[in-house]
Amino acid sequence: MAFKVIKPGLLALVQDLGRHGHQSIGLTTGGPMDEVAFRWSNALLDNDSNSPEIEITFGMFILEAQADTSIAITGADLAATLNDKSITPWQTYAIKKGDVLAFHQPVWGLRAYLAVKGGFICEPTLGSVATVVREKIGGLTGKGDKLQKGDLLAYQACSDHEQRSVPRLAIPNYGNKEIPVILGYQYQSFSTFERANFFSCDYKVSSNSDRMGYRLEGKEVHSDLKGIISEGIAYGAIQVPKDGQPIVLLQDRQTIGGYPKMGCVTRIGGGILAQQKPGDIIQFTPITVDQAEQERHLQMARLAQWR
Amino acid sequence: MSHEDFPNIEMVSNQACLLTFSQVISEATSNYIAQVTQHLVKLAGIVDLVPSYTTLLVVFDDDHYDRFAIFKTIRQTIEAIDPNDFSVKDQREVVIPVYYGKEVGPDIEDVASHCKLSIDEVIKRHQETTYRAYAIGFTPGFAFLGNTPDELHVPRKTTPRLKVPVGSVALAENQTAVYPSVTPGGWQIIGRTPVNLIDWGSKNLALIAMGDSVRFEPISRDEFLVLGGQLDGF
């Protein structure tokens with residue numbers, strides 16, 4: 001049984017927590033742009049934490065159910081409707097055969113996550129279903145295709161439904177525009193003055209942003225280094241090319257690069273950043289590794305406790 | 001290289017640390033990094049490794065492992081390695097057949113005139129050198145191979161191509177590489193290999209791994225075609 005894709009929208013992708021262990025041959029990880037939202041969707045349905053979900057960017061995405069099941073929606077509010085009736089994210093919904101589920105356009109945030117009871121059934125490639133369009137890997141076909149009209153998103157039919165919702169406290173605030181940064185890599189090559197600018201000025205999300213990286217426009221920052229010997233790029237790395245405009249490298253990032261870096265955005269911060277649309281304004285705020293660890297552990301503990 | 005050259009370990013995020021082995025590129029450093037990578041890959045808690053010219057990025061599972069415990073594991077693993085004991089027997093040699101020439105290497109004339117060599121001399125210089133894979137990246141399986149002989153140093157193209165055909169063998173600065181998939185690219189193309197650089201169905205996935213030794217072997221147009229080479233793509 002399956003959901004049939006009636007309208008594929010702008011960009012809807014099958015994702016799990018990513019394809020790890022192959023970066024040494026240059027293969028990126030993929031995975032959900034908003035990991036917290038992804039984890040909550042599976043948690044709401046008591047699924048395995050790595051069960052395949054659909055990441056819906058922007059909206060204009062319509063599905064029709066071919067069998068009964070239970071779903072969870074988290075992440076952005078994309079003005080979703082179930083049989084033309086408005087529904088809100090961060091909770092579960094019962095689905096009957098023939099139901100039409102639609103995600104229209106962003107009201108709050110940019111990317112929504114759709115999980116189904118038991119997870120979507122999809123053959124993994126190199127241990128993961130995560131779709132990376134650029135590298136032609138993962139997804140329904142295994143070849144990195146985004147969802148197309150007529151695609152069937154298979155699941156095991158199920159008539160049990162449990163009404164559940166994420167505790168309000170645990171829902172990330174996409175309106176909080178302060179993105180935490182752990183200083184690292186070449187941050188010392190940015191003078192105190194440059195760093196002060198970086199952490200005190202507003203940056204606008206460029207329309208040139210995607211799953212690979214978020215390009216930001218604002219006060220230029222410059223490193224004393226012209227370039228560096230190419231090195232591994234961690235998730236969230238903030239690369240500063242010659243034009244001084246920072247790029248935050250996210251799930252589909254290249255694995256190595258030779259531009260100086262200010263540090264790394266945390267995964268929780270990267271998730272919030274990925275919910276910003278072109279034109280939105282953000283600020284960077286420095287935090288320590290300890291603070292980042294505490295924040296992460298708190299988030300994971302909330303999920304574990306709730307399960 | 002000795003234990004006084006123990007790498008510097010620095011946290012770069014709450015799930016990754018960067019090991020810096022040297023400030024300069026050398027074969028000795030590259031050997032050391034390749035060896036450390038081989039040892040770390042087997043350890044619990046290590047999620048991903050990104051070796052490069054002088055550094056190794058270690059990504060670990062911060063939900064189940066304490067970072068100080070990971071540091072300790074890394075330190076002990078490296079201490080147990082003798083950086084001088086990376087003998088040639090451990091190093092794989094990869095031989096890549098190449099059909100050189102204008103038909104599949106549209107920049108070979110430019111390279112020859114830039115280097116003040118004949119086309120045959122360009123081919124000879126390129127194939128008589130044994131290269132080392134210093135880093136893999138840019139796209140899956142793309143190996144940065146160095147160093148090309150001084151006479152073959154060429155700049156990147158002023159305007160990169162939007163589509164470089166699979167298997168293109170190219171030069172840039174003091175490096176050479178093979179394009180494993182169709183991508184944009186600014187390197188100067190001198191030939192093409194019929195061999196697949198990346199194969200998701202194979203055990204190693206990528207033909208070349210960091211630290212490998214790589215040689216190119218000239219083949220004729222006929223041999224190229226027999227081996228499954230494709231002539232189109234531009």
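A residue is called buried here if 20 or more other C-beta atoms lie within 10 Å of its own, exposed if 12 or fewer, and partly exposed in between, with C-beta atoms placed from the backbone. Good morning, colleagues. The model before you is predicted, so local features need pLDDT of at least 70 and side-chain atom pairs count only at pLDDT 80 or more, whereas totals for chains, interfaces and linings use all residues. Residues are numbered from 1 along each chain as its sequence is written, and chains are lettered from A and ligands numbered from 1 in the order in which they are written.

I begin with helix H4 of chain B, residues 119–128. Helices (H or I, at least four residues) and strands (E, at least two) are DSSP runs, numbered from the N terminus. Which residues of H4(B) are buried? They are B:Val122, B:Ile123 and B:His126. These residues cover an arc of only 95° around the axis, which puts them on the same side of H4(B); the arc is that of the directions from the helix axis to the C-beta atoms. An α-helix has 3.6 residues a turn, so residues three or four places apart point the same way. On the other side of H4(B), B:Asp120 and B:Glu128 are exposed. The cover over the buried residues includes helix H3 (108–115) and strand E5 (93–100) of chain B, together with strands E10 (175–178), E12 (188–192) and E13 (213–218).

With 15 other C-beta atoms within 10 Å, B:His153 is partly exposed. Beyond its neighbours within four places in sequence, B:His153 is in contact with B:Thr148, B:Glu173 and B:Asn174, contact being defined as C-beta atoms, placed from the backbone, within 7 Å.

How many residues of chain B are in contact with chain A? There are 34, and they meet 31 residues of chain A. On the chain B side, E3(B) gives the largest share, 5 residues. That side divides into 21 nonpolar, 9 polar and 4 charged residues. Ala, Val, Leu, Ile, Met, Phe, Trp, Tyr, Cys and Pro count as nonpolar, Asp, Glu, Lys and Arg as charged, and the others, Gly among them, as polar.

Finally, chain A has 4 helices and 20 strands. Of its 307 residues, 52% count as buried. The C-alpha trace of chain A spans about 60 × 40 × 35 Å along its principal axes. Thank you.

Notes: Two residues are in contact if their C-beta atoms, placed from the backbone, lie within 7 Å.
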